[in-house]
Amino acid sequence: MCGRSRCTLRPDDIPRACHLNGRPVRHVDMNRYRPSYNVSPGFSVPVVRREDEANDEGAVLHCMIWGLVPSFTKKTEKPDHYRMFNARSESIKEKASFRRLIPKNRCLVAVEGFYEWKKDGSKKQPYYIHLKDARPLVFAALFDSWKNHEGEVIYTFTILTTSASSSLEWLHDRMPVILGNMDAADAWLSGSPSSNIDTLLKPYEESDLAWYPVTAAMGKASFDGPECIKELQLKTNETRSISQFFSKKGDKDQQGQNSHIKVAEEEILNTDQTESLKQEPESDHVRSPVQSESFTSTMATDIKVEQDFDESGSKPSLTGQTRNPPEKVGTHASDNVKSLKEEESEDIKPKVFSPPQEERGDSKTKRYYEELSGDAMSLPKGVNTHVRPAKKKAKGADDKQPTLFSYFGKG
């Protein structure tokens, strides 16, 4: 379809554009003509028609309103010029509004170019279509006259359309009937009623058509001026193909999914580390303030250790304590975890060095030091972990009982 066009031609240029070749031209109502870059239905546009007399070879440059109002329209009815501003060339012989106009009411419309909209979803992008050498385009049209309730005779016209050419079918499925040479223009304007006009009503397949995008502001009929035909540079994302659009969108979706998965993995890792920190016992090399205070007080106290020396020279043992073999370390993390209470009990125990034992007879004195590890010692449940200071010796007690510091003094 053709709903917008550019007509800024001077009145004298129109007969030449329609290939009248010196034929006499009479002007009618040309005072109504207003050149415009944005002509829409309802505008007054110059058209070329034949003279009323059949034997008159002259032509008439008549300014008519775009948008056909059939002559049988009621006088009291308000004309709607958008109703019939185009007529399908395939059906003009069938519809009464157009069929009766074919014999004598043919005309030519000369314009510099026309506009068509490309649909892209909810958006529409207008394009300006013109000839490469800037020659005017000549459209095939039909006109009619109608008398309103005031008695005024109003001339109106409609532009014929056909299927789009192979070069423009990407833009729209319809296009105006373009008469590209003098023979075609003369055959349409001056041809006999019995002439075959079907050969003229064909898509324009020549390669001299050009087009480019223009501003969407010209969609308003009030928008006019050279800005209407100024070429618009479309953005890359507006001209990319549909396949590229969906492929890039799929890549973004995939990247978004990967980022969500990465965030989820990091949250799981942080949770696992937090749980492990909660369950992991403090290092054996780090003592809590309570343990350090207990250990200091214990070493400062004169601890008496009762030792029994048998005749066979056995190793001394701590009275009241039982050595348990070290437990096997399990492979599971829960086997290595000990309660805070048990750690405090083990760390409070002093490290006792056993004195060397002299062998009877002529054997040499052997000295060795055995470190009783806190990890290999365990106290029975209920035993107070705080070491009490040694009680004062009762009168009459054996003062020769060795103490821990007495051995260090001997050394």
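Let me begin with a term that we will need: a residue counts as exposed when its relative accessible area is over 50%, as buried when that area is under 20%, and as partly exposed in between. Please keep in mind throughout that what we are looking at is a predicted model.

With that in hand, let us turn to Asn21, which lies in the loop between helix 1 (13–17) and strand 2 (25–28). Its relative accessible area is 57%, and because the cut-off for exposed is over 50%, Asn21 is exposed. Asn21 also has a positive phi of about 55°, although it is not a glycine.

Further along, in the loop between strand 2 and strand 3, we come to Asp29, where phi is again positive, near 55°, in a residue other than glycine. The relative accessibility of Asp29 is 29%, so Asp29 counts as partly exposed.

Now to the strands themselves: there is an open sheet of 5 strands, in the order 3-1-8-9-13, and the pairing is antiparallel. At its edges are strand 3 (36–39) and strand 13 (209–213), each of which pairs on one side only, and from one strand to the next the twist averages 30°. If we look at one pairing in detail, strand 1 (residues 4–7) and strand 8 (residues 113–120) run antiparallel to each other and are joined over 3 bridges, with Arg4 standing opposite Tyr115 in strand 8.

Lastly, the cysteines: are Cys2 and Cys228 buried or exposed? Cys2 has 0% relative accessibility and therefore counts as buried, and Cys228, also at 0%, counts as buried too. As for disulfides, the structure holds 0 of them.

Definitions and conventions
Residues are numbered from 1 along each chain as its sequence is written. This is a predicted model: local features need pLDDT of at least 70, side-chain atom pairs count only at pLDDT 80 or more; totals for chains, interfaces and linings use all residues. Side-chain values use heavy atoms; hydrogens and water are left out. Two strands pair if DSSP finds at least two bridges between them. Helices (H or I, at least four residues) and strands (E, at least two) are DSSP runs, numbered from the N terminus. Axes are lines fitted to C-alpha atoms, for helices over the stretch in contact, and angles run from 0 to 180 degrees between N-to-C directions. A disulfide is a pair of cysteine sulfur atoms within 2.5 Å. Buried means under 20% relative accessible area, exposed over 50%, partly exposed in between (1.4 Å probe, protein chains only).
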